[in-house]
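Please examine the sequence and the structure shown below. The briefing that follows is arranged by topic.

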Amino acid sequence: MSTETEDLELRAAAAAELLIEVMVNEGLISPKKRCRSTKAVILKNSDGAVCEVDMTVAMESSRIKRCLLAGKFKNGVIAVSGSDTEIFDMAIGFCKKCVGIHPTISWEDNVVRDVGIYSDDLLDLISAANYLGMEGLKNMTCRKVADMIKGLTNDDIRELFGIKDDLTISEKKMIAKAKKAEKSTTSPFAHRDATLS
Amino acid sequence: MSANRSTELPTEMRTRDGRMLPSDAITTVLSVDLLIQILDRIRDPRDRKSWRLVSRGFLRAESLHRRELRPLRRETLPALLRRYVALERLDLSACPSIDDACLAAVAAAAEGLKVVCLARANRLGWRGLEALVAACPRLDTVDLSHSVGVGDREAAALAEAKGLREIRLDKCLAITDVGLAKVAVGCPGLERLGIKWCLEISDIGIELLAKKCPEIKFLDISYLKVTNESLRSISSLEKLEDLYMVGCSFVDDEGLQLLSNGSKSLQCIDVSRCDNVSSRGLTSLVEGNQCLQKINAGDCFPDLESSFLSKLSCVKNTLTVLKLDGFQVSSSSLRVIGGSCKNLVEIGLSKCTGVTDESISELVAICVDLRTVDLTCCHHLTDNALYSIADNCKRVESLLLESCSLITEKGLERIATCCSNLKEIDLTDCGVNDTALKFLSACSELTTLKLGLCSDISDNGLAHIGSNCGELLELDLYRCGRVTDEGLAAIASGCKRLRRLNLCYCTQITDNGLNNLSCLEELSDIELRGLARITSSGITAVAIGCKSLVELDLKRCYSVDDAGLWALARYALNLRQLTISYCPVTGLGLCNLLGSLRCLQDVKLVHLSWVSIEGFELALRASCGKLKKLKLLSGLRDVLSSELLQMLQTHGCRIRWVNKPLVFKG
């Protein structure tokens, strides 16, 4: 069990990590030369499960980062609520993989295999990523769901996610009529964007 | 519903222990924000349409997400604006006959608008603009280019919007210094202004603009009759980054000298077609603005003196784009350019005389980062130039070689092997053959391929292109007489994303070829001039299949008759521009066409010998309020009723009267 001084040390180490991150982004330190902090943080789930991770891994989550910097923890344990254990493990696993790397799509696919993210957990994972503030994980999971939706008709999408069809027939007619009147949104202003601010 | 979709349905979402997810799990687990994040990654408009029809929650997410809109028809505007409450950008340039009342209604419905495009809104006046400005406090960009009715009163109405940062008034011929002054005084935060072709504007207006709007970063004063005094005023703009002064004939070297005051902000300057500018002016410009990134000095004066070229070294760190079209280039010029500017990314030597293989080699040996190389009409270039480019500039993406008739397939083979990023290549009038196309097909990123006047191209070459260039967006086969329906089949099967196709005077094309084209759903611009063998059944196939058809040119298609027009009226609902000059159509077909198509804005109806006067009268009346541009034989001006012509004019339609002969071209 850590004491108060150790908590303060943890907080200071978090601040140092943040500073190093900023310096790396500004190009003052080469990312390769950066050595990872060996301080560990304990994350406690709403189920009661605990998980010990390196500080750099934990800092990938912006919510945990804020907690660390603000000192909102006791005895080195940060309480993280909002998701059950498996989802949480997956999220942490993703963080461990993506420390210091710029994710590309093929890299993300590899991670999905390694960490074991399957489609049935995607929705919960998006929610967890949003709560924990993990941009990389949120981007990846949203992209995965978007890829699943691409190319499907509205009936297929409803079947896939088990959504109830609550639009009335007249509403659908109105939407269908209106959709003929619009051009695609992909690039209505593209030819202007070169000069428009 | 979606017969063309080949994707399989992914396995259903189940929980880890195999149960079905409770219905609506997605909308309960994910908030609207997260739904919007997923929607953000779905770009294809067809997928978006599917999304909208899923459920109320999804529809709502989409309504909140939609920030920009480009409606094609005026009638549906109210419903669209009610649905999309978060609109910020609205492009009304495609909507026919936007007038004051319409704009006022739009503004009242969409108060969060930031960007509004009203280009070519010929019927718009100050009342509409006043309403827009009053209702949308966040307005920061307005584009009124080419709107005939916009003059000083409208500019005054616009000037009430204090927060405006970008205004485009290109070709608003009625704007004078008074209007410009109102805008300058009313919008002190103005950053970008385009007043191209507003010929009434003089030095006085520019002087006031420069005094009142110090934040200006982008200014386009092309073709204005301004003198050096304007440049004196402009030189006081400390944040100016882009200055376009194409065709300003009253500006000379003294003026350019006034612009050269050691500014660190000027990045892009375009002085093309300024007849009175010479090397001296350009030299002082480069010396005085050492952060220039883009210089366009095309067609100013014939002789490129090496004193100017060596001065380019003042901007060697920043210069990336250099366009020197129309110059007389000496053997050492390109070497000096290369030596002065190593970082060039784009070089334009279109219509330059004296460009040789050796000089190109010297240039590309140094400028290895070149991505766009424009060598249009550099007639003396041979394959050696292509070898040098291929060996040195691996990142070349755009290569314009129109009229370089000495190049052969060997040079193109080297280019295709070494430059895998090649996206655009213009080989018009180069005499390339099928072997060249075989080599070029290795460039799988190719998006634009222009082969106009290459009469040696046949279906074999097109088969190669179709087999590998799946990203092709534009294909130009103007006067490639040996292309037949088989070639079109190959293209249609391989290049599914094709958007623009030019088959003018490829006389062997028949209806079968057009049937093949009908599977290209993104094809929006087709030119089929002079194809005597295509009939209405081919046009029908295209109208049904090419759902994105926007522009169609059927001039001199002597076998297309009313049946073709019926098909277009029924199926080509997005058609905006149509040319049916010289086609054997009658008044009946024309009337139906102009009455039905609600997006049609630009029609060319020259020499429709089978259409009677009554036919024209009826048809043009049916189209009133929609057409913006019309081209007719000048003989009709005396015959059509003045009432009709008046009505067309009041509805904002511009008529071009032409005198074309009825000769049968080969």
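**The cover of one helix**

The buried residues of H13(B) are covered by elements of chain B that include helix H12 (253-258), strand E9 (268-270), strand E10 (294-296) and helix H14 (306-311). Covering is judged by contact, meaning heavy atoms within 4.5 Å. Helices (H or I, at least four residues) and strands (E, at least two) are DSSP runs, numbered from the N terminus. This is a predicted model, in which local features need pLDDT of at least 70, side-chain atom pairs count only at pLDDT 80 or more, and totals for chains, interfaces and linings use all residues. Residues are numbered from 1 along each chain as its sequence is written, chains are lettered from A and ligands numbered from 1 in the order in which they are written, and side-chain values use heavy atoms, with hydrogens and water left out.

**Helix H13 of chain B**

- Helix H13 (residues 279-288) of chain B is mostly covered, with 8 of its 10 residues buried; buried means under 20% relative accessible area, exposed over 50%, and partly exposed in between (1.4 Å probe, protein chains only).
- The buried residues are B:Ser279, B:Gly281, B:Leu282, B:Thr283, B:Ser284, B:Leu285, B:Val286 and B:Gly288.

- B:Leu517 belongs to helix H22 (residues 511-517) of chain B.
- B:Leu517 counts as buried because its relative accessibility is 0%.
- Apart from its neighbours within four places in sequence, B:Leu517 is in contact with B:Leu488, B:Ala492, B:Leu501, B:Leu503, B:Leu523 and B:Cys546.
- From C-alpha to C-alpha, B:Leu517 and B:Lys496 are 9.8 Å apart in space, and they are 21 residues apart in sequence.

**Two packed helices in chain B**

- Two packed helices are described by the angle between their axes and the distance between the axes.
- Helix H15 (residues 333-340) of chain B packs against helix H16 (residues 357-366) of chain B at an angle of about 5°, with axes 8 Å apart. Axes are lines fitted to C-alpha atoms, for helices over the stretch in contact, and angles run from 0 to 180 degrees between N-to-C directions.
- H15(B) and H16(B) are therefore roughly parallel to each other (angles under 35 degrees count as roughly parallel, over 145 as roughly antiparallel, 65 to 115 as roughly perpendicular and the rest as oblique).
- In H15(B), B:Leu334, B:Arg335, B:Ile337, B:Gly338 and B:Gly339 meet B:Ser359, B:Ile360, B:Glu362, B:Leu363 and B:Ile366 in H16(B).

**Aromatic pairs**

- Over all chains, the structure holds 5 aromatic pairs. Rings of Phe, Tyr and Trp (its six-membered ring) pair if their centres lie within 6.5 Å; planes under 30 degrees apart count as stacked, over 60 as edge-to-face and the rest as tilted.
- The pair of B:Trp51 and B:Phe58 is tilted, because the ring planes are at 45°, and the centres are 4.4 Å apart.
- Both B:Trp51 and B:Phe58 are buried.
- The pair of B:Phe218 and B:Tyr244 is tilted, because the ring planes are at 45°, and the centres are 5.5 Å apart.
- This pair links distant parts of the chain, 26 residues apart: B:Phe218 is in strand E7 (residues 218-220) of chain B and B:Tyr244 is in strand E8 (residues 242-244) of chain B.
- B:Phe218 is buried, with a relative accessible area of 3%, whereas B:Tyr244 is partly exposed, with a relative accessible area of 23%.

**Chain A**

- Chain A has 10 helices and 3 strands.
- Of the 197 residues of chain A, 43% count as buried.
- The mean pLDDT of chain A is 72; pLDDT is the predictor's confidence in each residue, from 0 to 100.
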